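This report is a first tour for someone new to the model. Take a look at the sequence and structure, then read on.

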Amino acid sequence: MVRQVGEYGLLDSLATAYIGGGTPTMLAPHDLGNLAAAVQRYGAIRELSCEANPESLTPDHLAALRDGGATRISLGVQSFIDEELRALGRVHTGQKARE
């Protein structure tokens, strides 16, 4: 999809891009890195952010995003209090978020 949009020139003036909405870190690290690199190829991107959640973010994801050109991680930590996290339906704990 990124390739098709890019080939039509719809990303030419894009300076900021955001990969998110649906926990992209559920993708395999290699796939996520390839997605970030594809976005970078088609625009004059200065900031490429990626949403991540503590329960699915790994060192391999971080390396793949860095290699793909991501410049920012938006870490989805709504709270560090376990009771609040459970009420929100989050699967990570406050300690996991701190790690």
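## A salt bridge within a helix

Arg86 is exposed, at a relative accessible area of 56%. Here exposed means over 50% relative accessible area, buried means under 20%, and partly exposed lies in between (1.4 Å probe, protein chains only). Glu83 is exposed as well, at 52%. The two side chains meet in a salt bridge, 3.7 Å from N to O. A salt bridge is a side-chain nitrogen of Lys or Arg within 4 Å of a carboxyl oxygen of Asp or Glu. Arg86 and Glu83 sit three residues apart in helix α4 (residues 82-87), so about one helical turn separates them. In general, an α-helix has 3.6 residues a turn, so residues three or four places apart point the same way.

Helices (H or I, at least four residues) and strands (E, at least two) are DSSP runs, numbered from the N terminus. This is a predicted model: local features need pLDDT of at least 70, side-chain atom pairs count only at pLDDT 80 or more, and totals for chains, interfaces and linings use all residues. Residues are numbered from 1 along each chain as its sequence is written, and side-chain values use heavy atoms, with hydrogens and water left out.

## The other salt bridges

How many salt bridges are there by this rule? The count is three. One of them links Arg72 with Glu47, whose closest N and O atoms are 3.7 Å apart. Arg72 lies in strand β3 (residues 72-75) and Glu47 in strand β2 (residues 47-52), so this pair ties together parts that are 25 residues apart in sequence. Arg72 is partly exposed, at 40%. Glu47 is partly exposed too, at 29%.

Arg66 forms a salt bridge with Asp67. Their closest N and O atoms are 3.1 Å apart. Both residues are exposed.

Strands β2 and β3 run parallel, joined by four bridges. Two strands pair if DSSP finds at least two bridges between them.

## The nonpolar core

The largest nonpolar core has 13 residues. Such a core is a set of buried Ala, Val, Leu, Ile, Met, Phe, Trp, Tyr and Cys residues joined through side-chain atoms within 4.5 Å. Ile19, Val39, Leu48 and Leu65 have the most contacts inside this core. The elements giving it two or more residues are β1 (16-19), α2 (29-41) and β2. Helix α2 supplies the largest share, four residues.

Which residues of α2 are buried? They are Leu32, Gly33, Ala36, Ala38 and Val39. Their cover includes α1 (2-7), β1, β2 and α3. Contact means heavy atoms within 4.5 Å. Leaving aside neighbours within four places in sequence, Ile19 contacts residues including Leu32, Ala36 and Leu48.

## A buried loop residue

Ser56 is found in the loop between β2 and α3. Is Ser56 buried or exposed? Ser56 is buried, at a relative accessible area of 7%. Not counting residues up to four places away in sequence, Ser56 touches Thr23, Thr25, Met26 and His61. Ser56 and Ile19 are 37 residues apart in sequence and 15 Å apart in space, C-alpha to C-alpha.
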